[in-house]
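Subject: Handing over the structure

Hi,

Here is the structure I promised to pass on to you.

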Amino acid sequence: MAVPARTCGASRPGPARTAFPWHDRGPRPGPGAGRRVARPPRPLSLLLPPLLLLPLLAAPGASAYSFPQQHTMQHWARRLEQEIDGVMRIFGGVQQLREIYKDNRNLFEVQENEPQKLVEKVAGDIESLLDRKVQALKRLADAAENFQKAHRWQDNIKEEDIIYYDAKADAELDDPESEDVEKGSKASTLRLDFIEDSNFKNKVNYSYTAVQIPTDIYKGSTVILNELNWTEALENVFIENRRQDPTLLWQVFGSATGVTRYYPATPWRAPKKIDLYDVRRRPWYIQGASSPKDMVIIVDVSGSVSGLTLKLMKTSVCEMLDTLSDDDYVNVASFNEKAQPVSCFTHLVQANVRNKKVFKEAVQGMVAKGTTGYKAGFEYAFDQLQNSNITRANCNKMIMMFTDGGEDRVQDVFEKYNWPNRTVRVFTFSVGQHNYDVTPLQWMACANKGYYFEIPSIGAIRINTQEYLDVLGRPMVLAGKEAKQVQWTNVYEDALGLGLVVTGTLPVFNLTQDGPGEKKNQLILGVMGIDVALNDIKRLTPNYTLGANGYVFAIDLNGYVLLHPNLKPQTTNFREPVTLDFLDAELEDENKEEIRRSMIDGNKGHKQIRTLVKSLDERYIDEVMRNYTWVPIRSTNYSLGLVLPPYSTFYLQANLSDQILQVKYFEFLLPSSFESEGHVFIAPREYCKDLNASDNNTEFLKNFIELMEKVTPDSKQCNNFLLHNLILDTGITQQLVERVWRDQDLNTYSLLAVFAATDGGITRVFPNKAAEDWTENPEPFNASFYRRSLDNHGYVFKPPHQDALLRPLELENDTVGILVSTAVELSLGGRTLRPAVVGVKLDLEAWAEKFKVLASNRTHQDQPQKCGPSSHCEMDCDVNNEDLLCVLIDDGGFLVLSNQNHQWDQVGRFFSEVDANLMLALYNNSFYTRKESYDYQAACAPQPPGNLGAAPRGIFVPTIADFLNLAWWTSAAAWSLFQQLLYGLIYHSWFQAEPAEAEGNPEVRESSCVMKQTQYYFGSVNASYNAIIDCGNCSRLFHAQRLTNTNLLFVVAEKPLCSQCEAGRLLQKETHCILPAPPPAPPPAPRPLLAAASLTPHPCPADGPEQCELVQRPRYRRGPHICFDYNATEDTSDCGRGASFPPSLGVLVSLQLLLLLGLPPRPQPQVHAHASRRL
């Protein structure tokens, strides 16, 4: 029985609901299309050509204006399916293109991708590339050790005795306020000429090295001048390395004194703000200078720690965290009478970027109160280090204690936890200016193989929070050749403009002895590094033989990707590596977890899996088959993988030996042929070495044609595979024009364009004028419609993209269209492949009218059926469009067509923005499944600073009590104040939570952040389905059915007449993760038929998924296989000492005058920690 039409307020029960399984998975927004303005509807005679307009059957009657019965709507769905299929068969030309390929079978060969052979070859090529860099590294490290051993220390060395190229000299000379300019001390600095070099993306000089010295280190100190003296000899070794391997990029020696000498010479890329670059804080230096670390940082927050001292401690902890890499583990706790973690982390966690950010934010909340209890702090730290039930580095173990001083030595704690083996090193830091006895702090460090440091002011923080690496390097130096092993880093951003690189590192040891018969020196001199650009590694991988959806990737022992098509950081931070986990680069599932683990373990493997993939524009999710094959890259920590869809097992290789045919096909690339043969876009690939690239495809085609007039497709400077395939596909797509498109009237079927795109790089759009509104990527492999068509059977609809925040589409001049595409599958000798995609572009408004007619009860194409007082009929999508909503929605939940004229300008929007109530019902009834994921490479606009005051935040202002306190003046606190004022004016950004801005690209206006992405895809329901949306007194009937052989869902629903049904809205967009993390959410409950408020996603946490939860289930990883944390011959007698500075009245007066005159003194180097640097 037909269901009578409802009226507002008439409540009724819904039909029994068939149970369907559901599960959550999910897609997201991408680039848009053109916009235009409503025009009068077309005559119906133009909308329904007689070929495909099937006989219109009258649906069985019911009471006047009843909701359509299920079989009626199924009938409408079949008519829609037949209309789409008929148009695609005539204009798509799939069958005709198959025949064209078979007719030209003699012009190409079918080649096979053999995954195992491919991946082993690429792994071998990468190994050979990296091995050449390893040999260069070893030559450099050996030479450096010998040069330093032969060097004689000079106490009286002067700046004018050393001639070198100061990489920052040009920037300083341009600064009229530079002290060096005023003093004329640049006489010893070389002035060089540079030439542009595309390999370095920079101007370089191959005859010299360049030297960079951190801003807070005095260039004229004896230690630095001696360092410059002996490292000068490295210049010839750098040059000889390049002679042996011209592909070498930056060769760098990072000294433990802070000096960086690199080759070839290039001016330093100084930021607009103060340059905080220090090689000892770079990821590659940290990784090469010591073995992995388990570190517990404990901070004294007793009542005596307040004001400036507490600020210094907070900043010191943040700087200490920056000395840790992803191979290290850390926790931070504060203590007074009791100890407690400063963050939600209750145990050691990996020192990755996101965890360190949690620590840095938590440290800012520390408050001083109570009394000092060293015992509580150390017991907490030892308990943390003894916890063996968690993942950790299991190498160097250390405790870093920051305090303002105390009397207790807590010897009983050390006897209980650390003696006699002393497996945990203790480093103590006396922070601030005070009169406390520092002897207990010195004793703690010396008794536990550590070191004692003093941090009286800001200027000492950066130096003294990284000097501990020298102590950790002792076992490495004493181990000798055993420790001389090259390590390869994570991906990071090169400071000199190479882009993303990895660096091979090798430690350089001090081979001198302190005197005849004395013990061997145990200081690390520094780290040698050689960069390898990721682009150079990518060039060793197959480019276009793997198809649009095949790719190569590589990961390291942490599971971070070295290569991956989704490794695209939008912003980079010089201070941090680029760490994208393989499971975040793709949509995670159990199969990929197994693959990742096997690769980290260094195994070989192959597995075919069914998995989810995001579309290139990140709006859609597809469930696909993929073949994964992987092997380790020998002599490295990397593993290489290959991903191939089954249809990419084979590919075409053109064989155009006939030069006459080459010329004939090439002529179809000329713009003069476009009017008759359609417009051709060619993929901007590297066809030849001398081909000038351009983002404008018309200009690129022009450059290509001009080059082809000078060279042949068989030229040695060109990629013959790419050129032959391009020319072949030009000819094949032209034959499609000749056989199919040219003789058809597109207007009769309301088409704006027809098109074909190929693996060879051709996109042909017909007619030529349609190219003016073609917005798809000219590289088919980077076009979302192309890649999705290969992964899906049938016809893939792609409406123009619209963002909810932008204005609606404007329909004008028939140019807004909907792409419909499908892959062309060939079967040649039992080998199946998909070398092309064809499709049509539907006129949006005309097809909206056609849609209404096809989903109606018309018995005659020009005569709509009417229901009189005595007649009985069902509502349809045409006559009753004021009461009945009819839509086509694609598999991502985006509106494609509607019978509501006012919704035509909303085509391309997520349907929840059009009808939230109905979209929620479709989701609740399992027509759609949701997938949520996180994008860790996103960029967000910077947030305004929390402190808007005019004064520098870093300056400490003493209270009246301080001025009245005689002890304050008689101590060194006054000196600290003036020094703090000086440094605060210059380095006030150090007291900010994120000081990286000063070091990064000054032009960058966005910062990295995490984006939460939500996408939808078709769920488990495939059949026709009726349901009711029951929301009190305002219910709605709806019917939904998938259209066969398409990615469309046909939905018919009663229009809402009441507002009570507005319950919740599904979102399909990116959410910026810049808000404080909310508390953990409870486990998800089974979703109800009706919407719940919880379906509107909460703002995502500041670091993506809740970090406190993630660390409880850490992903599998492996640390480096070597560890140097102990050597029986280590001399631990050098363990730090106090360096108090009793200020005089003259000093205080002089500093005050400097403040008034605005002449800050030259920062002095903090070299108290290692006088033994005088080698």
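Predicted model: local features only at pLDDT ≥ 70, side-chain atom pairs only at ≥ 80, totals over all residues.

Five strands make up an open sheet, ordered S31-S30-S36-S35-S34 and paired in an antiparallel way. At the edges you will find strand S31 (895-898) and strand S34 (1025-1029), each of which pairs on one side only. From one strand to the next, the twist averages 25 degrees. Within this sheet, strand S30 (residues 884-890) and strand S36 (residues 1048-1054) run antiparallel and are joined by seven bridges. If you want a pair to zoom in on, Cys-886 has Val-1052 in S36 as its bridge partner.

Which helix packs on the sheet, touching S30, S34, S35 and S36? That is helix H2 (residues 70-92), whose direction makes about 145 degrees with that of S36. Helix H27 (residues 916-924) also lies across S30, S34, S35 and S36, and runs at about 55 degrees to S35.

Strand S20 (residues 605-614) and strand S21 (residues 621-632) are antiparallel, with 10 bridges joining them. Among the pairs, Gly-605 has Trp-630 of S21 as its bridge partner, and Thr-611 stands opposite Val-624.

**Two helix pairs**

Helix H4 (residues 115-150) packs against helix H8 (residues 234-244) at an angle of about 165 degrees, and their axes are 10 Å apart. H4 and H8 are therefore roughly antiparallel to each other. Their crossing is right-handed. On the H4 side, the contact is made by Ala-136, Arg-139, Leu-140, Ala-143, Ala-144 and Phe-147; H8 contributes Leu-234, Val-237, Phe-238, Asn-241 and Gln-244. Sorted by class, the contact of H4 with H8 has eight nonpolar, two polar and one charged residues.

Now for helix H21 (residues 659-666) and helix H24 (residues 720-741): their axes come within 8 Å and cross at roughly 65 degrees. The crossing of H21 and H24 is left-handed. H21 makes the contact through Gln-662, Tyr-665 and Phe-666, while H24 uses His-724, Ile-727, Leu-728, Thr-730, Gly-731 and Gln-735. By class, the contact of H21 with H24 has four nonpolar, five polar and no charged residues.

**Salt bridges**

How many salt bridges does a search of the whole structure find? The total is 40. One to look at is between the side chains of Arg-462 and Glu-319, at 3.7 Å from N to O. Arg-462 lies in helix H15 (residues 461-464) and Glu-319 in helix H10 (residues 308-321), so this pair ties together parts that are 143 residues apart in sequence.

Happy browsing, and do write back with any questions!

Best wishes

Conventions
Residues numbered from 1 in each chain as written. Heavy atoms only, no water. Pairing = 2+ DSSP bridges. Helix = DSSP H or I, 4+ residues; strand = E, 2+ residues; numbered from the N terminus. Axes fitted to C-alpha atoms, helices over the stretch in contact; angles between N-to-C directions. Contact = heavy atoms within 4.5 Å. Parallel < 35°, antiparallel > 145°, perpendicular 65-115°, else oblique. Left-handed = near helix turned anticlockwise from the far one by under 90°. Nonpolar A, V, L, I, M, F, W, Y, C, P; charged D, E, K, R; others polar. Salt bridge = Lys/Arg side-chain N within 4 Å of Asp/Glu carboxyl O.
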